[in-house]
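Subject: Handing over a structure

Hello,

Here is the structure I promised to pass on to you. Please have a look at it first, and then read on for what turned up.

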Amino acid sequence: DPEEVILGQFTAANGKPGYLEDDSIAEKDREKAKYCATFAQLVLRINNDRWWGVPFIIRAGKGLEESKCEVRIQFKESHTDPRLFKEECPRNELVMKVSPHEAIYFKFNMKQPGLSQGVTTTELDLSYNHRYEEIYRPLAYTRLILSGVRGEQESFVRDDELIRAWEIFSPLLDKIENG
């Protein structure tokens, strides 16, 4: 649904040039470059019984303040009994960070220790930087290139996945470009 898509382009800030000031864009292409998105946020939905009503929010961009790749799963809001807990509980969340610092952690609500009826948020945390300090962990691109050299295909998109992605995004891109 085009109503659930946000597109943008980064501009000059903090002494850094914007996309249109980039030297790699030829002068003759500057007018076309005005319409090139460098940021996109999409809400995708899977229409089956299991995932009905669950939004999948995808964000990607160039020139952002931080570089990261992660998956966040926010669980449904908990319906707490006001007789037990006097405050609203934030959503539980499972986070899988791919880069820059690999980690898997689960943020969840629990009763505060002691006699209090308060709720606190805590984490089960597997941060690779802390857990596996002594082991060499190559960067994502290093692992990807090594997979390609070894002929391992699990790190790459299959052709049927790529075709399906174009089936999803081509109508959206047409709608955006043609109004």
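Below is a short tour, going from the whole chain to single residues.

Please keep in mind that this is a predicted model.

**The chain as a whole**

Four helices and seven strands make up the secondary structure of the chain. If you follow the elements from the N terminus, their order is β-α-β-β-β-β-β-β-α-α-α. The radius of gyration is 22 Å, while the globule rule gives 16 Å for 179 residues, so the chain is more spread out than a compact globule. Along the principal axes, the C-alpha trace spans about 70 × 45 × 45 Å.

How much of the chain is buried? Buried residues come to 12% of the 179 residues. The accessible surface is about 14,900 Å², and carbon and sulfur atoms account for 56% of that surface. As for contacts, of those with a separation of 6 or more, 35% are between residues 24 or more positions apart.

The chain carries 25 positive and 31 negative charges.

**Aromatic rings**

A pair of aromatic rings is described by the distance of the centres and the angle of the planes. Searching the whole structure gives five aromatic pairs. One of them joins Trp51 and Phe56: the ring centres are 5.4 Å apart and the planes meet at 65 degrees, so this pair is edge-to-face. Planes over 60 degrees apart count as edge-to-face. Trp51 is partly exposed at 34% relative accessibility, and Phe56 is partly exposed too, with a relative accessible area of 30%.

Phe75 and Phe106 also form a pair, with ring centres 5.9 Å apart and planes at 85 degrees, so it is edge-to-face. This pair links distant parts of the chain, as its two residues are 31 residues apart. Phe75 sits in the loop between strand E4 (69-74) and strand E5 (93-99), whereas Phe106 belongs to strand E6 (residues 103-111). Phe75 counts as partly exposed at 36% relative accessibility, and Phe106 is partly exposed with a relative accessible area of 28%. Which residues make up the aromatic cluster here? Phe75, Phe106 and Phe108 form one cluster.

**A few single residues**

Asn178 is part of helix H4 (residues 159-178). At 64% relative accessibility, Asn178 counts as exposed.

Asn14 is worth a look for its backbone: its phi is positive, about 55 degrees, although Asn14 is not a glycine. You will find Asn14 in the loop between strand E1 (5-8) and helix H1 (30-33). Is Asn14 buried or exposed? With a relative accessible area of 76%, Asn14 is exposed.

Ser127, in contrast, is buried, with a relative accessible area of 18%. The cut-off for buried is under 20%, so Ser127 falls below it. Ser127 lies in strand E7 (residues 119-127). Setting aside neighbours within four places in sequence, the contacts of Ser127 are with Glu102 and Ala103.

That is the tour. I hope you enjoy looking around.

Best wishes

Methods
Residues are numbered from 1 along each chain as its sequence is written. This is a predicted model: local features need pLDDT of at least 70, side-chain atom pairs count only at pLDDT 80 or more; totals for chains, interfaces and linings use all residues. Side-chain values use heavy atoms; hydrogens and water are left out. The radius of gyration is taken over C-alpha atoms; the globule rule is 2.2 Å times the number of residues to the power 0.38. Buried means under 20% relative accessible area, exposed over 50%, partly exposed in between (1.4 Å probe, protein chains only). Contact means heavy atoms within 4.5 Å. Accessible areas come from the Shrake-Rupley method with a 1.4 Å probe; for residues, only the protein chains shown count as cover. Lys and Arg count as positive and Asp and Glu as negative; His and the chain ends are not counted. The place of a charge is taken as NZ of Lys, CZ of Arg, CG of Asp or CD of Glu. Rings of Phe, Tyr and Trp (its six-membered ring) pair if their centres lie within 6.5 Å; planes under 30 degrees apart count as stacked, over 60 as edge-to-face and the rest as tilted.
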